[in-house]
Amino acid sequence: MQQIPYEEAFGPYSFPEGFEERLKGLTIEEQMNCYRTTEYSSYAMTGWRERTYRSGYQRLERCSDVRALIVKDGLLIGVMIRNDNRRDVPCFAEERICTYYADDNNGAGSKTRIDYVYLVCVPSDFEKEPS
């Protein structure tokens with residue numbers, strides 16, 4: 001996957017407590033295993049209750065919305081995600097990006113759909129089966 005250097009124009013970033021230490025000393029490929037993406041969709045229709053959906057977790061290389069890795073001083077600090085305007089935008093740890101937005105008001109009511117992709121940090125034993 002393509003790697004791009006962090007630029008201040010991307011905005012500030014931060015890690016959850018202890019996560020930066022987990023990344024240090026690992027290769028970029030190993031650091032990729034410390035993150036996952038998950039998706040959330042919200043559907044709302046006038047007169048109906050809001051429906052929501054959250055998918056399971058995906059590895060970064062399997063998420064089609066992830067376009068590149070953002071690296072600073074040897075640390076994977078975020079990813080570039082294709083947003084709802086078809087632009088690649090930075091997404092840092094524990095943040096989300098809107099990847100799809102549609103609102104249809106045909107006179108009979110408004111139908112809205114919003115999809116997000118979250119970049120989440122995971123523990124080292126994330127894929128271990130629970131006991």
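**Exercise 1.** Where is Pro16 found? Work out its setting and its contacts.

*Solution.* Two notes come before the steps. This is a predicted model, where local features need pLDDT of at least 70, side-chain atom pairs count only at pLDDT 80 or more, and totals for chains, interfaces and linings use all residues. Residues are numbered from 1 along each chain as its sequence is written, and side-chain values use heavy atoms, with hydrogens and water left out.

Step 1: Pro16 sits in the loop between strand E1 (3-5) and helix H1 (19-23). Helices (H or I, at least four residues) and strands (E, at least two) are DSSP runs, numbered from the N terminus.

Step 2: with a relative accessible area of 31%, Pro16 is partly exposed. That label falls between buried (under 20%) and exposed (over 50%), using a 1.4 Å probe and protein chains only.

Step 3: not counting residues up to four places away in sequence, Pro16 touches Ala93, Glu94 and Cys121. A contact means heavy atoms within 4.5 Å. Pro16 and Ala93 are 77 residues apart in sequence, yet 7.8 Å apart in space, C-alpha to C-alpha.

**Exercise 2.** Is Gln31 buried or exposed? Find its helix and its contacts too.

*Solution.* Step 1: look in helix H2 (residues 28-32), where Gln31 lies.

Step 2: Gln31 counts as buried, because its relative accessibility is 0%.

Step 3: leaving aside neighbours within four places in sequence, Gln31 is in contact with Leu23, Leu26, Gly74, Leu75 and Leu76.

**Exercise 3.** How many helices and strands does the protein chain have?

*Solution.* Step 1: count 2 helices and 8 strands.

Step 2: read along the sequence, and the pattern is β-α-α-β-β-β-β-β-β-β.
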